[in-house]
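Me: I have a two-chain model open and want to learn how to read it. Can we go through it feature by feature?

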Number of protein chains: 2
Amino acid sequence: MPMTDQPRIAVVGTGLAGCLLATLLARRGLEVTVYERREDPRRTGPERGRSINLAVSARGLDALERVGLREESLGRALPMHGRMIHSVAGAESFRPYSADRQRAINSISRAELNASLLDVAEKTPGVTLQFGYRLRELNLDTGQLSFETSDGHRRRPHADIVLATDGSYSAARRAVTFRQDFTFSQDYLDAGYKELTIPATPDGEFALDPDALHIWPRGESMMIALPNLDRSFTCTLFWPKADFAKLETDAQIRDYFARNYPDAAPVLLNLVEDFRQNPVGSLVTVKCWPWVHRGERVTLALVGDAAHAIVPFFGQGANCALEDCVEIDRCLDESGGDWQRALDTYQGRRKANCDAIAEMALDNFVEMRDRVNSRVFQAKTAAQHALERRLPGHYVSRYELVSFTTMPYAQIPDRMRRQNRATAATAAGLGVGVVAGGSVARAMWRRIRRR
Amino acid sequence: MPMTDQPRIAVVGTGLAGCLLATLLARRGLEVTVYERREDPRRTGPERGRSINLAVSARGLDALERVGLREESLGRALPMHGRMIHSVAGAESFRPYSADRQRAINSISRAELNASLLDVAEKTPGVTLQFGYRLRELNLDTGQLSFETSDGHRRRPHADIVLATDGSYSAARRAVTFRQDFTFSQDYLDAGYKELTIPATPDGEFALDPDALHIWPRGESMMIALPNLDRSFTCTLFWPKADFAKLETDAQIRDYFARNYPDAAPVLLNLVEDFRQNPVGSLVTVKCWPWVHRGERVTLALVGDAAHAIVPFFGQGANCALEDCVEIDRCLDESGGDWQRALDTYQGRRKANCDAIAEMALDNFVEMRDRVNSRVFQAKTAAQHALERRLPGHYVSRYELVSFTTMPYAQIPDRMRRQNRATAATAAGLGVGVVAGGSVARAMWRRIRRR
């Protein structure tokens, strides 16, 4: 098939990325069928204990804006302007995300956001949604594409291009996992996670400040909490998997929380039930290459978590996956609809960016768990914010570059290195009084920003 | 099943490790069935263009000795006492592997060594060999173990313990690849390899010095050659895969070799045919964890390349796999036959060692391809050998520790770091005449050796 003709497109997975991608492609006049192994989540509700909410930031919002969902999403989200750190003694300490205290990431229900994206996709001419379709076979050479439907039938639709947006454990990716020259890694943290809930207070209020992402850094373990519209908080406890199993009796569970999370324990009203019933989830980083695979009949491209699952500690998994979809759309613009060129450009541009956020997300685990509570880290953050206020737009923290800009992720580590060198120079300059009026420092900062 | 009873053991794969392991286990009084997807290679001969020979060194010999094959293997092997470096101008330069020029690695036919190990296994009471058995299903929970035989039948034998010695692309490993918490990576080099042959000369002699491993380092590409008993050499050309395809015509193939391998080209008598007919092989590093997987019914342990495929640049793949088998046998000794304890100890002891040789093998690719031909590398090697002669037993090169000792691989990088610090100190001491009679240096070296 000449790839500049209209190819038949199958998207696997109706998660956030699958819905956005289908919508963007159908708007180009393409016919897109989206297959989802689960039933329509707008009818069945979300699965218990599985990432109930997420933090949407600049990249996600930029993507949602393209399908008219930015304002609607923000309207259903709760802004979090900083981190609230909870000490073992129960003290709270607020750390704004930006020097001006104006920037926020947005806590939103994954199910609601997904439902909005499903609604938009469904209304877009050219998009067909098929629920209860579990991918059973994908052979790029024979063109065999086979789904098992929830009523037990086999369906064998045709597709020229399969776009896999079916997540960290992508079934579509298995079709190429054992191909020669497919470099692939799945790397599990020792830590797993379990979701717990802080319900609204009896008088219907938030039990904690809703304007913050709450963190209880404890070294080996860590708990976080994000606010929900119903004034509850969804907590996530991160802990080595082996440790979860050590809490056997109700008393052990209660005692552990009373000792380690003393200010949270009284408001975790369903603690024992949540702890017993919610599963322990895994934290996996998936990297692979290539993302685009051509067979005799079918081309497969991996998108979002299917291409690059990352750990959740930077709140960027969904944001990054949505950014992938925008990039594919942009590449199709640039290639004039030539899919092969577009997909090559897509993977070429995104790989280094997704590798970079994967590393930053792992790094942030250590930061949140250990360092966020240290005096050195606090002093560093305060110094960064002081610099940002003195040199507005020049010094920008890594967190802000990741969360409040759409700067390609891969440029951020390098930018940080240059900033840090300049910071040291500035500090040295200020210290010995050499930099009259900071003019030398400002010239240095201008050079950094320009690159 | 209580694991101290006699479990039914299935070994998957009759390669070097599978045969050795089956023999060692049967000698413990266990019943072991070994399943191999190919037919008996002693009847069918080896596959074309797939690693015809290998270099057995201390670790492999130590393992072979345990089944009485050390002397027989050495009798069928050709010792190589050093590297012969071939420059682009055609000059040869010999670099001994050890300072005393006495140590050698041993070029041996993989097929012959495998046949010897098959013979030994077959003769060992308790071992059953099943050829033409392709693993189709392995479910650790249901205990389902299913093979497709070469005559098209299904066989479903019972096993309590499955030992996977089925290589880099292990079929048995696929049974656990997508399990939660299975950390797994397969990492392909851009470079592939192709085997070529330098036949014996018309008067029946070796065309090159048979006492060396020949290396043609060319940066982007590299060729090596190992001698065979029939006085031929098996050459392996390593080159980025994309480059192999660039040589399209016979003239292009001949021209490329005449320019880049001018002294080898005249003796590569079947160059064009070899180049056209032999496949381009892949070079993959596989790492994973855990190696031992327990289901409701079956325990699976990964052994050899199935657990830790490495690139061939240190000549340690087979040596390392055979060492795994010896370790399992040792762990069973120590646990008094308790399989669960033995397998846990096995994986705990071997993981860091196999990670270490994997890294050293990748590192050696760069060394062989680029550095071996540099003046700095040559000077360093000469200095190392001078040190070894002056401080016998104190300074030992990395190559020697890997190839001529059974020191656990994981200890070698650390030992090298300590040696290198001491070397610098010794050199500095000698340089400024501080170390009278080298006594201080010798004391330092004694400390290193003791650790």
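Reply: Start with one pair: B:E36 and B:R38 form a salt bridge, with the closest N and O atoms 3.5 Å apart. A salt bridge here is a side-chain nitrogen of Lys or Arg within 4 Å of a carboxyl oxygen of Asp or Glu. This is a predicted model, so local features need pLDDT of at least 70 and side-chain atom pairs count only at pLDDT 80 or more, while totals for chains, interfaces and linings use all residues. Residues are numbered from 1 along each chain as its sequence is written, chains are lettered from A and ligands numbered from 1 in the order in which they are written, and side-chain values use heavy atoms, with hydrogens and water left out.

Me: How many salt bridges does the rule give over all chains?

Reply: The count comes to 60. Take B:D324 and B:R350, whose side chains meet at 2.7 Å, N to O. B:D324 lies in helix α11 of chain B and B:R350 in helix α12 (residues 339-369), so the pair ties together parts 26 residues apart in sequence. Helices (H or I, at least four residues) and strands (E, at least two) are DSSP runs, numbered from the N terminus. B:D324 is buried at 0% relative accessible area. B:R350 is buried at 4%.

Me: What is the distance between A:R350 and A:D324 in chain A?

Reply: Their closest N and O atoms are 2.6 Å apart, in a salt bridge. A:R350 and A:D324 are both buried. Salt bridges can also link up into a network, as A:D40, A:R42, A:R43, A:D119 and A:E122 do.

Me: Which area is buried between chain B and chain A?

Reply: The size of an interface is often given as the accessible area lost when the parts come together. Buried area is that loss (1.4 Å probe), summed over both parts. Between chain B and chain A it is about 1,600 Å², and carbon and sulfur atoms give 43% of it. B:F178, B:Q186 and B:Y188 supply 38% of the area that chain B buries against chain A, more than any other three residues. The contact (heavy atoms within 4.5 Å) takes 16 residues from each of chain B and chain A. Of the interface residues of chain B, 100% are also interface residues in chain A, so the copies meet through the same surface.

Me: How many salt bridges cross the interface?

Reply: The rule finds two. One of the pairs is A:K241 with B:D181, at 2.7 Å, N to O. On the side of chain B that touches chain A, α6 (171-177) and β13 (183-198) are the elements that give two or more residues. The largest share, six residues, comes from β13(B).

Me: Now a single residue. Which helix holds B:N319?

Reply: B:N319 is in helix α11 (residues 317-334) of chain B. At 1% relative accessibility, B:N319 counts as buried. A polar contact is a pair of N or O atoms within 3.5 Å; within protein, one must be able to donate a hydrogen and the other to accept it, and residues adjacent in sequence count only if both atoms are side-chain atoms. The side chain of B:N319 reaches the backbone oxygen of B:A55 at 3.0 Å. The backbone oxygen of B:G315 is 2.9 Å from a polar atom of the B:N319 side chain.

Conventions. Buried < 20%, exposed > 50% of the residue type's maximum accessible area, 1.4 Å probe, protein only. Buried area = accessible area lost by both parts, 1.4 Å probe.
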